[in-house]
2 protein chains.
Amino acid sequence: MNTPDIPLPLKGVRVLDLGHVFQGPYATFLMAMAGADVIKIEAPHGDMSRRRGRDGDYPFRALNGCKRGIVLNLKSERGREVLIKLARKADVLVENFAPSVMPRLGLSADVLMKENPRLIYASASGFGRTGPYADKLALDLTIQAMSGLMSTTGELGGRPLKAGVPVADFMSGAHLYGAIVTALYERGVTGLGRAVEISMLESVFAPLLPAAGHAYASHTPPRRTGNRHVADSYVPFDTFEAADGWVAIVCATDEHWANFTGATGIAALQDASLRQLKARIARIDEITEAIAQWASTRTRDEITTLCQASHVPCAPLRDVLEVLDDPHLRARGFLTEHPTHAGPVALPNSPMRYEGSPLRTLTAPPALGEHTNAVLAELCGLNDAEIAALREAGALGHET
Amino acid sequence: MNTPDIPLPLKGVRVLDLGHVFQGPYATFLMAMAGADVIKIEAPHGDMSRRRGRDGDYPFRALNGCKRGIVLNLKSERGREVLIKLARKADVLVENFAPSVMPRLGLSADVLMKENPRLIYASASGFGRTGPYADKLALDLTIQAMSGLMSTTGELGGRPLKAGVPVADFMSGAHLYGAIVTALYERGVTGLGRAVEISMLESVFAPLLPAAGHAYASHTPPRRTGNRHVADSYVPFDTFEAADGWVAIVCATDEHWANFTGATGIAALQDASLRQLKARIARIDEITEAIAQWASTRTRDEITTLCQASHVPCAPLRDVLEVLDDPHLRARGFLTEHPTHAGPVALPNSPMRYEGSPLRTLTAPPALGEHTNAVLAELCGLNDAEIAALREAGALGHET
């Protein structure tokens, strides 16, 4: 449609990235992959995700490619002065410290935007910078608990469970990206930056809407429903155990149901009265049992191939290694393979695609402080002696 | 910091919203709440989320406020002509049909961007517009299955479970918003629009990173771990049953652990060797049991108050009605109360905040076709007789 190789849309945008695991770094990862020049600013001890527990440094590797890295000691006055100098030359500053941290350091949005009125100052936190919970600590698991997400996850009659992956961290990271880019758009119109703000708790609210609707309609908190719909608004809407794994099947419309019963030929489901959703809801247990029985004697692939060919939404339930090996995600260039000391790993790109621009090639993350000298020379105009003096004064940590 | 009442950042941006449940409408909801003029374009039968099953129309009410609504029959040639006229006056068009739909109607990005080179044409789908799965049907549940998310969710030894709420729909909606606004920023620089694209499968990949890291490190798909960390990289990282509900507790650092053991005084945890994460990982079952026993004799509020006062990340596990009633979300103006025929309901705003601009006041969604005449007059310059003729020809459905 467009001629190839249009520059990526955020080319020329310079970002100071004070983010740490995972909310902030995901937002700046999305910026980097959209073409921005992201400068990751770490404390002397480095982002804690550089050295994680038993999941290794793979998340750090994944989220910090295509970024430069510098070390600044913001506990030192001269370190803070350097940050202010950098902010004068930046388009965006991103931080996801607790709300009190940057003001306490004298590095609030007020201060930095006075130095640079075009700066976008983006803050992300668990609960936001105002309101009664502003100072409470938050992590993905506590937000999953507090947001209502866990109350809806689990077996019927079972205890509440988390989503197995940190959806609150990444969902708020995606919103943080959105808020930043919105302010960049606005600056193109007004010439002025903005302080923007995201909270994790608010970022994960919207998926609760169907459950909240059901709660209002029934005047009671929704039950956990295993893999069924919160309100059984679709039948089937469930997973079924095949001979060699699991499949998810959804008939979101009566047409899907007609396709499904036609393709599978399950005798108990041919009853014409079941063509209406209302009748299916009334007989959901009987229908579930019939599909489960049918599925149990077929493979996962047989079922998904049959359903998909018949225009029924259906998918295999895949494990993490299968996903990392997915031919579709590789064909689209979303997953690419990268060498590590422990062998090749697949790493993701951004889910946002701009027709006419190839995806940015993912590079390795910076070593701790790798670009400190180069960035201070380029953006602050400092010479070797001045940088050495800053290092001597403890403003740049202890890297060489 | 700024003087109050700066206009919202997307003021003056006009959006043609062809989205339907929930991916597209969430992206355009975020645009509307950021100040955009969103025109929801529905087929004559209306967005299917206007009349849902047992969760009512609450999600529709929540996602379509602050939008105008028109009806266009895109199966009619004159309906398509109207869409092209509207696209000439729009900044953004958003659609989340299956990838083949708009090209088949002659309304592809190519066609509309030839009419309006400044148009941002945003497409969202399950798997994206290219690659081997492009034409497969997808819904939140099937994406949760296929993306690996379900494989990580559930009890140790139990079957895979979905997140109880449609995180794939909303997570991809948030990314869709990000891609659109990125293109708007770019247009401010280049003067040209873009076709942008999002897939649900790619949008939910990033939260998998810790699990993927663990899979690579252990050469095996991660076990489901109930509410514990996928790799037990933190101890405790779990939920515990209090006397009257559940709490989530995480010691993400050794300092959190010291705070926790100090505040709770649990005898079995005072062992100095447990101050190191490595030792805690080795004795995780013993530690879990000791905390569970302690928690079982205290209320949810006692535990969270004690932990939070001691700087330990801890939260109550709340049900949906508690979240809808949350004093913090109300104090921040994120949740506001709105009348419905069934009584007042709380509805969310956008999680993105712009310092200096109050949140937009959420209005009721448009009735089906409520603004058809007004919008066609305003944007296409049509008079009453011309609109009547279009209606006669079936281009505008059958609303009055």
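A nonpolar core is a set of buried Ala, Val, Leu, Ile, Met, Phe, Trp, Tyr and Cys residues joined through C-beta atoms within 7 Å. A residue is buried if 20 or more other C-beta atoms lie within 10 Å of its own, exposed if 12 or fewer, and partly exposed in between, with C-beta atoms placed from the backbone.

This is a predicted model, in which local features need pLDDT of at least 70 and side-chain atom pairs count only at pLDDT 80 or more, while totals for chains, interfaces and linings use all residues. Residues are numbered from 1 along each chain as its sequence is written, and chains are lettered from A and ligands numbered from 1 in the order in which they are written.

**Chain A as a whole**

Select chain A. Its C-alpha trace spans about 85 × 45 × 45 Å along the principal axes. Of its 400 residues, 57% count as buried. The chain has 17 helices and 12 strands; helices (H or I, at least four residues) and strands (E, at least two) are DSSP runs, numbered from the N terminus.

Colour by domain next. Domain 1 of chain A takes in 14–206 + 330–392, and domain 2 takes in 237–317; the bounds come from an automatic or database domain assignment. The C-alpha centres of these two domains lie 43 Å apart.

**The core**

Select Ile180(A) and Ile180(B). These are the residues with the most contacts inside the largest nonpolar core, which has 261 residues. Setting aside neighbours within four places in sequence, Ile180(A) is in contact with Ala27(A), Val92(A), Val94(A), Ile120(A), Ala122(A) and Val196(A). Contact here requires C-beta atoms, placed from the backbone, within 7 Å.

**Between the chains**

Show both chains. In chain B, 124 residues are in contact with 124 residues of chain A. Helix H7 (residues 167–190) of chain B supplies the largest share of that side, 15 residues. The side of chain B that touches chain A divides into 79 nonpolar, 28 polar and 17 charged residues. For this count, Ala, Val, Leu, Ile, Met, Phe, Trp, Tyr, Cys and Pro are nonpolar, Asp, Glu, Lys and Arg are charged, and the others, Gly among them, are polar.

Go to Val196(A), whose bridge partner in S12(B) is Tyr354(B). Here strand S6 (residues 195–199) of chain A pairs with strand S12 (residues 353–354) of chain B, antiparallel, over two bridges; pairing requires that DSSP find at least two bridges.

Now select helix H9 (residues 209–218) of chain B. Eight of its 10 residues are buried, so H9(B) is largely enclosed by the rest of the structure. Among the buried residues are Leu209(B), His214(B) and Tyr216(B). Their cover includes helix H2 (58–63), helix H14 (320–324) and S11 of chain A. After H9(B) comes His219(B), with a positive phi near 55°.

**A hairpin**

Return to chain A and select strands S10 (residues 335–338) and S11 (residues 345–348), antiparallel and joined by four bridges. His338(A) stands opposite Val345(A). Six residues lie between the strands of this hairpin, and Gly343(A) takes a positive phi near 110°.

**The three-stranded sheet**

Last, select S7, S8 and S9 of chain A, which form an open sheet in the order S7-S8-S9 with antiparallel pairing. The edge strands are S7 (237–242) and S9 (314–316). Three bridges join S8 (residues 245–250) to S9(A), and Ala248(A) stands opposite Ala315(A).

Notes:
Two residues are in contact if their C-beta atoms, placed from the backbone, lie within 7 Å.
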